[in-house]
Amino acid sequence: MTALALGPQWLDPNYLISTFGLLGILTVVFAESGLLIGFFLPGDSLLFTTGLLVAGHKYLTQPLWLVCLLIVLAAVAGDQAGYLFGRKVGPALFRRPDSKLFKRENVEKAHEFFEKYGPRSIVLARFVPVVRTFTPIVAGVGRMPYGTFVGFNIIGGALWGAGVTVLGYFLGRIAFVKNNIELILVGIVALSVLPIAIEFWRARRANGTASPARHGRRRAARGRRARGGSPR
């Protein structure tokens, strides 16, 4: 099976699995789930490819249930690490300067996502690249009750970690999927990025709608000041 190169070879799910096996999968899942440096790692495509390879008995000889269990544990542990990091670092994370591996805007996006969906964001963020890395950290910064976080973390880790892997496992038995794996992986990446694109479009649209109103209020205020009225 070959996969379409969407970046450096070492980020190709097929290469990662063929080179590092199950240990490599678990390491990537843990890092992407809650470590600051893990936001660029393949997540959905890696899990889907894992399911495909388990179904084809290629590179991975472990049974599906064991692979899913270990992936869920790695995902939950990664979010736990992110949460504890957020509690320790606190608001200082929002003042941290940008670097090649850290962009403050990623934390701010996760914060907005967290504010919008509350505790549910721990589950929903699992399916949104980049946001899933920073949301548990933001939950720690915001001091979400630990018991609440653990509950949603386990649910999200199970739905994402086992769900995407099982999906790849069963679809991997379909001839069309096997013969068009490159297109399937591109589709997964596109679906993963879609929520971010939709939010970006909504934000642009909201800003575009608000701008004329703001300009109108400013013109009205200037007119009142020119007539000697109250600017209100």
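This report describes the helix packing and the salt bridges of a predicted model.

## Overall architecture

The chain contains 10 helices and zero strands. Read from the N terminus, its elements follow the order α-α-α-α-α-α-α-α-α-α.

Of the 232 residues in the chain, 42% are buried. Among contacts with a separation of 6 or more, 76% are between residues 24 or more positions apart.

## Helix 1 against helix 3

Two packed helices are described by the angle between their axes and the distance between the axes. Helix 1 spans residues 13–34 and helix 3 spans residues 64–89; the two pack at an angle of about 30°, and their axes are 7 Å apart. Because angles under 35 degrees count as roughly parallel, helix 1 is described as roughly parallel to helix 3. The crossing of these two helices is right-handed.

On the side of helix 1, the contact is formed by Leu22, Ile25, Leu26, Val29, Phe30, Ser33 and Gly34. Helix 3 contributes Val67, Leu70, Ile71, Ala74, Ala75, Ala77, Gly78, Asp79, Ala81 and Gly82. Sorted by class, the contact of helix 1 with helix 3 comprises 12 nonpolar, four polar and one charged residues.

## Helix 1 against helix 2

The axes of helix 1 and helix 2 come within 11 Å and cross at roughly 115°. Helix 1 is therefore roughly perpendicular to helix 2. The crossing of helix 1 with helix 2 is left-handed.

Helix 1 takes part in this contact through Pro13, Asn14, Leu16, Ile17, Ile25, Val28 and Val29. The residues of helix 2 are Ser45, Leu46, Leu47, Thr49, Thr50 and Leu53. The contact of helix 1 with helix 2 has nine nonpolar and four polar residues, and no charged residues.

## Helix 2 against helix 3

Helix 2 covers residues 44–56. The axes of helix 2 and helix 3 cross at roughly 160° and come within 10 Å. The two helices are therefore roughly antiparallel to each other, and their crossing is right-handed.

In this contact, Leu47, Thr50 and Val54 of helix 2 meet Leu64, Val67 and Ile71 of helix 3. The residues of the contact divide into five nonpolar, one polar and no charged.

The structure holds three salt bridges. In one of them, the side chains of Arg132 and Glu32 meet with an N to O distance of 3.0 Å. This pair joins distant parts of the chain, with Arg132 in helix 7 (residues 131–141) and Glu32 in helix 1, 100 residues apart. Arg132 has a relative accessible area of 3% and is therefore buried. Glu32 counts as buried because its relative accessibility is 1%.

Arg132 also forms a salt bridge with Asp44, the closest N and O atoms being 3.3 Å apart. Asp44 lies in helix 2 and Arg132 in helix 7, so distant parts of the chain, 88 residues apart, are linked. Asp44, like Arg132, is buried.

In another salt bridge, the side chains of Arg126 and Asp79 meet at 3.3 Å, N to O. Arg126 lies in the loop between helix 6 (121–124) and helix 7, and Asp79 lies in helix 3, so the pair ties together parts that are 47 residues apart in sequence. Arg126 counts as buried at 1% relative accessibility, and Asp79 counts as buried at 2%.

Through salt bridges that share partners, Glu32, Asp44 and Arg132 are joined into one network.

Technical notes. Residues are numbered from 1 along each chain as its sequence is written. This is a predicted model: local features need pLDDT of at least 70, side-chain atom pairs count only at pLDDT 80 or more; totals for chains, interfaces and linings use all residues. Side-chain values use heavy atoms; hydrogens and water are left out. Axes are lines fitted to C-alpha atoms, for helices over the stretch in contact, and angles run from 0 to 180 degrees between N-to-C directions. Helices (H or I, at least four residues) and strands (E, at least two) are DSSP runs, numbered from the N terminus. Angles under 35 degrees count as roughly parallel, over 145 as roughly antiparallel, 65 to 115 as roughly perpendicular and the rest as oblique. A crossing is left-handed if the near helix is turned anticlockwise from the far one by less than a right angle, and right-handed if clockwise. Contact means heavy atoms within 4.5 Å. Ala, Val, Leu, Ile, Met, Phe, Trp, Tyr, Cys and Pro count as nonpolar, Asp, Glu, Lys and Arg as charged, and the others, Gly among them, as polar. A salt bridge is a side-chain nitrogen of Lys or Arg within 4 Å of a carboxyl oxygen of Asp or Glu. Buried means under 20% relative accessible area, exposed over 50%, partly exposed in between (1.4 Å probe, protein chains only).
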